[in-house]
Amino acid sequence: MLNDSLSSNLEPVIKCESVFKIFGNNANKLLENSNGPISAEEFQKAGCIIGVNNASFEIHKGEMLVVMGLSGSGKSTLLRCISRLTDPTSGKIFIDGENLLEMNSKQLIELRRNKMGMVFQSFALLPHKTVLENIAFPLIIKGLPTDASISKAMEMVELVGLKGRENYFPRELSGGQQQRVGIARSLAVEPDIWFLDEPFSALDPLIRKEMQDEFLRLQDSLHKTIMFVTHDFDEALRLADRIAIMKDGIIEQLDTPDNIVLNPATEYVKKFTEDVPREKVLKIESIMTTYEPSMAGSNTVFKDAIIETVAESILDSKENLTVIDTEQQNKPVGILEPSKVIKVLFGK
Amino acid sequence: MFDVIKNSRQRQFIFLFFIFLILYFFIPKNENSYLWRLPPLLKNIPLMFNALLDNLMFNWFTIPIWDPDWQMYEDKTLFRIVTRSISNSVLFFIIFIREIFLGGYQTVSAVLGDGLTKTFSWLYLPALPWTAVVIGAALIGYKLEGIRLAVIAGIGFFYVSVFGQWEPSMQTLSLVLFTAPVCFILGLSLGIWGYLSKRVEAALQPILNVAQTMPHFSYLVPIVVLFGVGDHAGSIATIIFATPPMVRLTILGLKKISPEVIESGLMSGCNKFQLLFRVLIPTARRDILIGVNQVIMQCLAMTTIAAFIGAKGLGFNLKVALNSLKIGKAAEIGICVVIIAVVLDKLSLAWANKQKDYFANLSFFQRNRLSIFFIFLTIICSIVAVISSYYFPKGFNYLYLIPFNKGLTVSPILDAFVDWIWNTFFYYLNTFNIFLLTNVLGPMKQAYLNMPVVSTFVLFMGAGYIIGGIRSCLIVGSLILFIALSEYWDRTLITLYMATFAVGVSAISGIVVGSLCAQNEFASKSILSLCDFFQTFPSFIYLIPVILLFGITDTSVMIAAIVYASVPATRYTVEGLRSVPPSLHDAGSMSGVSKMQRWRLIDLPLALPHIMLGINQTVIFALMMIVLGALIGTEDLGQLIMGSLSRPNGAGIGFTLGIFISFICLAVDNLIRTWADERKKLLGIN
């Protein structure tokens, strides 16, 4: 992707190097004797429970990494290691090049007050404070004067569409509204890094869809660096720039949604991708062939269009289509044969 | 046969009871047999306690202190200096608050000194007229919540003033206004400490248990020895009694906070202090507020008891009225205590729930209109008071201060009513009373006294073993052993008999009433608020109507204990039954159960663990009331504890016997709690 090629030259915002989180007494001994990931039997023998097993990855500025896994896969633990709500057993984590694990509590507080925001599964709103006070909370904690905090919080209330309810208490709001407050609170200090721990899991399916759209809308204008945890594969596909699939603390595959659907790395990942309607996930670029002027047809299709949205017109077309890229002034970048689309739609 | 017993707990209990009966009937009554009574090996504990106190106060660590009056060094013990200075500081605060309420001129001269007030005669300020104080209370109520609280506060203070209880009420209030905040701060800090450190919590737990289950009377004498007699001693006794629930509720509330809320605080960048005061404590507010409510109630409940060691106020007057059997007067004063309790409770709750308005753009006058209103009305009231002094040239200025016992009173009417009841129902009441004493209580008491000590142990330790294994068995056994090795085993048996009877009746009535009320929403809510209402009464209030009906007998104490102890039994029954999931009711209905079957087969088994926790409370409540019953004369441990108040070396006996009562509670608590926890785990209720 374009973003990748541009930003890979820059320093990553979040960088993890073989992060381990092991619960139990013999954790350190276990780590000393091993190199790379540790197998499940070894953990069982040592009487330890694995949270995160040798996780290494980078997240770049403006990128959204979705960590997907079933319950107990260690995805929330990984998130908490990176926000340092729990201390990893070993490994290195860098935030904007600074070593997170070597920060003292004062530096950590500074980092959280200015750079990080987090949204929680169960909303985690303070029950005794109103919507407005909840959103203003991080600002007041930071030491901003009350007036400034409240007016900033009021902006956030409008941003998440809760105007008119700012004096409600959390218990008076629906789940979706409560999570809007959670989102507004996490954004109030204008953080660079945004952590979301299963933010929509506690919501009804319809509300969840609505909140996802809302979330994408926000991200479109805010461009935060995001780490998003979910157990819902469809949600991951919908939102992610890249997806990390976790099982038993190990990251099984970390790739773009297209690549995961097309080339699942392990049997485990394959189980998720099997039932995914590909036409709803894949973009044209993932099934096109390289551009060759001789084969190009007169009809064009955009490179990042989702197949489903353009399938009908492609199938109507008798000849090959030219794939063009809007970001490069509609320069042709590939060729698409209509039969490929049929394969995606009905093939295996 | 043993296999069957091994597998069924019910049969284990039957088997245990069978052994108990065999031992009961076959162990001969022989004063020299250890099977009958254990030797009083521990009879020296009270003496040792006395010696310890004595040593601390008069011998240990003496330091010479210059005495300016005698122009010489005097040896004083460190401990005594410490306790006396605590006494003096406590007394200072109480008197200081009291001055503000009752003072006027006195307050000014207390602050500025006599010299100034004598020079400038305009400093000779009168105290606020009672009318102004009533308005002030109503305005505070209005500001905190609204018109409803204003009416409650206003009427409350109006009653107190008009019925001539102003002065003692303010004395009591000043005691409470010092003691309650101290309990709150102390309890909150200890609770937070216990929450932060597991070790501290483990250390606090037994201390809290003993402090909460020990009857108030038993630590009065030690306190008098340590701190002297007076308001401060009453305050300190109250602090010991009222702090534990605060600690407990603080720990409970903090533990209930979901980890995500704490994480959200951390991610907002809270440091430790901000996390504690902005996130943890406010989030646990519900439980902490219940703690505050408990503290206020306990403080007012202690007023009469504190009167035994010299605290002034309503409690003292109530005690005098009860002692001279002026039922009408006692009832009036009792109502004052209840009113102060209710008003303080509501005000503190409203204050904690007060919301802040960030967008109100108010002018100075709008923001302070209530204060301005108050000052204005105070001036008017004062003018009225001055004018009225011409109307009441001799005697009392009723629009300024209604002196003690010179206000309105309905006590003649109440007394007449009491007389009428006595004259009309005496025969029936007395017949009932005598029937109960001769046919139920008397034989029961004899049966308890005829119980060999070994069979008692078998019963308790066996129950412990069946319920909680060897651990519970040993805990319960050692708690009781401590009592059995003293000289007071027979007295303890009398206490036990009263407690068993009271708890039995309360439990049955509580479960029956609770079950009936739990059948519908409205009745449940009503009975729960009725329970709340009854719990705001300080415990001794219950004694007033029963003396009125049954005179000074065991029956009175018993009935007071039953009424008082039924409250938790009822409350827990309703709560337990209401928490049974409705889906289970539906499942039951679809299986075609009748209402009775549903109650017996679905509701009761599921609610029983919670109900048993209520019974646990019932035991503590009943024992408290039985000991308190010594106020009107019984012959159990309570009477000895009361007696120790007037004995020169009573500290040791009072304290030891208090510990005994506490141990009985703890033994029962261990059995019930172990059972309920296990049962809850089994049923998957948390």
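Buried residues make up 43% of the 686 residues in chain B; a residue is buried if 20 or more other C-beta atoms, placed from the backbone, lie within 10 Å of its own, exposed if 12 or fewer do, and partly exposed in between. The model is a predicted one, in which local features need pLDDT of at least 70 and side-chain atom pairs count only at pLDDT 80 or more, while totals for chains, interfaces and linings use all residues. Residues are numbered from 1 along each chain as its sequence is written, and chains are lettered from A and ligands numbered from 1 in the order in which they are written.

Chain B contains 29 helices and 2 strands, where helices (H or I, at least four residues) and strands (E, at least two) are DSSP runs numbered from the N terminus. Its C-alpha atoms occupy a box of roughly 95 × 70 × 65 Å along the principal axes. Of the contacts in chain B with a separation of 6 or more, 75% join residues 24 or more positions apart, a contact being two residues whose C-beta atoms, placed from the backbone, lie within 7 Å.

The largest nonpolar core has 272 residues. Such a core is a set of buried Ala, Val, Leu, Ile, Met, Phe, Trp, Tyr and Cys residues joined through C-beta atoms within 7 Å. The members that touch the most others are Ile135(A), Ala502(B), Ala561(B), Ala622(B), Leu623(B) and Met625(B). Leaving aside residues up to four places away in sequence, Ala561(B) touches Ala502(B), Ala622(B), Met625(B), Ile626(B) and Gly629(B).

Where the two chains meet, chain A supplies 20 residues and chain B 18 residues. On the chain A side, helix H5 (105–114), strand E6 (116–119) and helix H6 (131–142) each give two or more residues, and H6(A) gives the most, with 5 residues. By class, this side of chain A has 13 nonpolar, 4 polar and 3 charged residues; Ala, Val, Leu, Ile, Met, Phe, Trp, Tyr, Cys and Pro count as nonpolar, Asp, Glu, Lys and Arg as charged, and the others, Gly among them, as polar.
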